[in-house]
Amino acid sequence: MGRITTLRDLIGAVKDKASKSKAAIVSKRGNLSLHLAVLRVTSHSPNAPPDDHHLSTLLSLAERSRAAASTLASALMDRLHHTGDCSVALKCLLVIHHVIKRGPFVLRDQLAAGRSNLKLSSFRDGATPATWMLSAWVRFYARYLETALLASIRVVPNGDSIRDLDSMIGVIEEMCEAPDSLLVEGNELLYEVMGMLSEDYFSLVKELLPRLVELGERLGQLSFADSVELACCLRRLEDRQGRLSGLFLTAVTKPSVRTLWGLVGQVKERIETLKDSGAQKMLTFSFSKKSESARFSHRVSSLHNSIMFPSGKYRDNTTEVVILR
């Protein structure tokens, strides 16, 4: 536990002890260690990210069984939804982020099953002006993790490249909604959050590159609808380039990042070229049909070998049958 320096810290320490005592009383037999693991990794200690040892313990406990993973997921969600403390909320969200990145699939699956909506859109910690401002980070981080959690399930190896692209760009778009970065200065929890986001950005770049290469190679085989969807995805990604550069200053010169933006521009240019080529083909086809129609009309008007025969009802009228040669 961190050093107690304020009344708020003292109250937080008391709450942590009370929560552990309650867990010891109400937990089912065999589940106490699971509840305590959640409480240890989400203590009230201000500005202190989850302890690595406690975090590793929690993740290893989830590997025992699906029942253990379900209990941990429920305990973590209860902790998140019943706290009004922004530090505890951020720690809960950081734990969820670690689960998404490196936790066992069974725990990630339990979090996603009916819990993809973290329900923190109205979170407010009004204890101080600082906690009020930090609440914006809690709301943002929850929205981001909701998107990332769904994307981690939807994006699969050898899946639909355009659908995967759409999901990953959705994560990047949420990432770009991060609040004022000035709050990060001096706050260890927010440093940790930004560090996790930075890792996600590089992971997304790594995942995007092979999919863009593949799509670029088979552009000519894509349907019109897929080409339009791909162009929209690339435009959405390109629109976030400036914001991403501002959030992750050290990423600008990374070879993989520079390769990504170069590839985005190349694929967009090829789509435009193919679109213009397709339009030209349509124009040529249309002109050919009109020319053929004109030639047909000319042939009909120039024919003079006709058979004229009288109508049985109106002897003064005649019917003309044209025989095309």
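At what angle do the axes of helix 6 and helix 7 cross? The axes of these two helices cross at roughly 125° and come within 10 Å. The structure is a predicted model, in which local features need pLDDT of at least 70 and side-chain atom pairs count only at pLDDT 80 or more, while totals for chains, interfaces and linings use all residues. Residues are numbered from 1 along each chain as its sequence is written, and side-chain values use heavy atoms, with hydrogens and water left out.

**View 1. Crossing of helix 6 and helix 7.** Helices are DSSP runs (H or I, at least four residues) numbered from the N terminus; axes are lines fitted to C-alpha atoms over the stretch in contact, and angles run from 0 to 180 degrees between N-to-C directions. Helix 6 and helix 7 are therefore oblique to each other (angles under 35 degrees count as roughly parallel, over 145 as roughly antiparallel, 65 to 115 as roughly perpendicular and the rest as oblique). The crossing is left-handed (the near helix is turned anticlockwise from the far one by less than a right angle). Arg108, Leu111 and Ala112 of helix 6 meet Leu149, Ser152 and Ile153 of helix 7, where contact means heavy atoms within 4.5 Å. These residues comprise 4 nonpolar, 1 polar and 1 charged (Ala, Val, Leu, Ile, Met, Phe, Trp, Tyr, Cys and Pro count as nonpolar, Asp, Glu, Lys and Arg as charged, and the others, Gly among them, as polar).

**View 2. Packing of helix 5 (residues 86-102) with helix 6 (residues 105-112).** The axes lie 8 Å apart at an angle of about 125°, and the crossing is left-handed. Ile96, Val99 and Ile100 of helix 5 contact Leu107, Arg108 and Leu111 of helix 6. By class, this contact has 5 nonpolar, no polar and 1 charged residues.

**View 3. Helix 8 (residues 161-175) against helix 9 (residues 188-217).** The axes come within 10 Å and cross at roughly 155°; the two helices are therefore roughly antiparallel. Their contact includes Leu165, Met168 and Ile172 of helix 8 and Leu204, Leu208 and Arg211 of helix 9. The contact residues divide into 12 nonpolar, 1 polar and 5 charged.
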